[in-house]
Amino acid sequence: MSGRDDVVAQAEEVLRANDRGGYTVPTAGLYPFQWNWDSCLTALGQSHFDEERAWREVETLFAHQWEDGMVPHIVFHEPSDGYFPGPEVWGTGRPTPTSGITQPPVAGFVVRRLFERARDRGLAEAKARALLGKVDAWHAWFYRHRDPRGEGLVALLHPWESGRDNSVDWDEPLARVPTEGVEPYTRRDTQHADPAHRPTKEQYDRYLWLLQRFRSLGWDATRLHDASPFQVVDPGFNAVLIRSCADLADLAEALGETGVAEANRARASAGLAALEGLWSEAHGQYLCRDRVSGELVVSSSVGGLLPVFAAVPRERAARIARTIERWGERVTYLVPSHDPDDPRYEPQRYWRGPVWLVVNYMIADGLARAGEREVAERVVSSSLALVARSGFAEYYDPVTAAPCGGRRFSWTAAMALELLAAQRGGALTPA
Ligand code: DGY
């Protein structure tokens, strides 16, 4: 793609082609349903050419929120045998089948951003008002069921919840998950994407073991946390939740909903205080805590840089910027999803090294807000250079720019639209 107009036209074309009506698939083939954080971030891209459609993307997701407040990570709107594990494996018994776990809660951040930039103010106010209580209920669900001892930070019970499925972060805690008793299965992902870009069979066995365990407990959120051998407090996931709580609080204030504002403000400040316990001076970033062993996990992944997306102290943001610069000496394109100096780094294997534009977008936003403009600019220009060279790939090799995983990816197209619109408006990241 040569020029800005080309990128915009082609990004819109990808989003329209992946549109299935009220929801957008991440990409045809590999991911044929609605995914939670994909959808919300995709809505940001849609808002540049169709605001009503953008609101509908988020509304459709929340129409499948569970009664207890959880918003599932996949909604299986239409049958498709091209994906594993499908609805029959999850067995959640929902009217429209869904998975039984959740995903990074970007909705609070996204709804506020859609509201603030909306040209159609009447539509935005009606839509934001209708979504406010639903997003708040999801946030409440996290603290009720994933922070049962009130530590201020929530745990993931499955690597798929992180969105960073096969990150090095999970290697140790996942090793505790057995593989015996996993029902026979056939993977579909490796038929759509290069197996060398995807998680391993051993990881899949453990993913499936956890799924079966939770299914055997009837997907009862009051039982899953303590019954799971995998309980990991991920700084990146928590930072997304903290940012969404803070943004939802601002939105609630703008709408005169003071109760929602106060509850979310309190969650954000407790989370920010607790996040300090995950800081590693030696690594220049945050680390995960394995809640079962109580230990920090020594793994320098992009999840430990993502807290810059929340309002962490300035000195932490500055140190994260220096860590990104150090990683940048080893790669051509920022931000690799794992420290390139770590022997476990793999530049083309999913979340063990490749660059992901959605993560870049959140990191650039946070760095810019913290005054780290130069590094933020490098992250944005890397992102746009990758798109120009290799199209809207699911993720990219940080040295060669090779497109990896699926192609014609919705959220990559959406992020390109976001970053180009911001640049056009003279900003680094969108307001
Ligand atoms: C997959 O199937 O790869 C997804 O990441 C799980 O949500």
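This is a predicted model: local features need pLDDT of at least 70, side-chain atom pairs count only at pLDDT 80 or more; totals for chains, interfaces and linings use all residues.
Not counting residues up to four places away in sequence, arginine 164 touches Pro159, Asp169, Trp170, Asp234, Ser301, Val302, Gly303 and Trp351. Arginine 164 is placed in the loop between helix H7 (159-162) and helix H8 (171-175). Its relative accessibility is 3%, so arginine 164 counts as buried, the cut-off for that class being under 20%.

Across the whole structure, 46 salt bridges are found. One of them pairs arginine 146 with glutamate 161, with the closest N and O atoms 2.7 Å apart. This pair links distant parts of the chain, since arginine 146 lies in the loop between H6 and H7 and glutamate 161 in helix H7, 15 residues apart. Arginine 146 is buried, at a relative accessible area of 4%, and glutamate 161 is buried as well, at 0%. Salt bridges with shared partners also join Arg112, Arg113, Glu116, Arg243, Asp247, Asp250, Glu253, Arg265, Asp365 and Arg369 into one network.

A salt bridge also forms between glutamate 13 and arginine 408, whose closest N and O atoms are 3.1 Å apart. Glutamate 13 belongs to helix H1 (residues 4-17) and arginine 408 to the loop between strand E8 (403-404) and helix H17 (410-424), so the pair ties together parts 395 residues apart in sequence. Glutamate 13 is partly exposed, at 39%, and arginine 408 is partly exposed at 38%.

Within helix H6 (residues 121-145), arginine 129 and glutamate 125 are four residues apart and therefore separated by about one helical turn. Their side chains meet in a salt bridge of 2.9 Å, N to O. Arginine 129 is partly exposed at 35% relative accessibility, and glutamate 125 is likewise partly exposed at 35%.

Notes. Residues are numbered from 1 along each chain as its sequence is written. Side-chain values use heavy atoms; hydrogens and water are left out. Helices (H or I, at least four residues) and strands (E, at least two) are DSSP runs, numbered from the N terminus. Buried means under 20% relative accessible area, exposed over 50%, partly exposed in between (1.4 Å probe, protein chains only). Contact means heavy atoms within 4.5 Å. A salt bridge is a side-chain nitrogen of Lys or Arg within 4 Å of a carboxyl oxygen of Asp or Glu.
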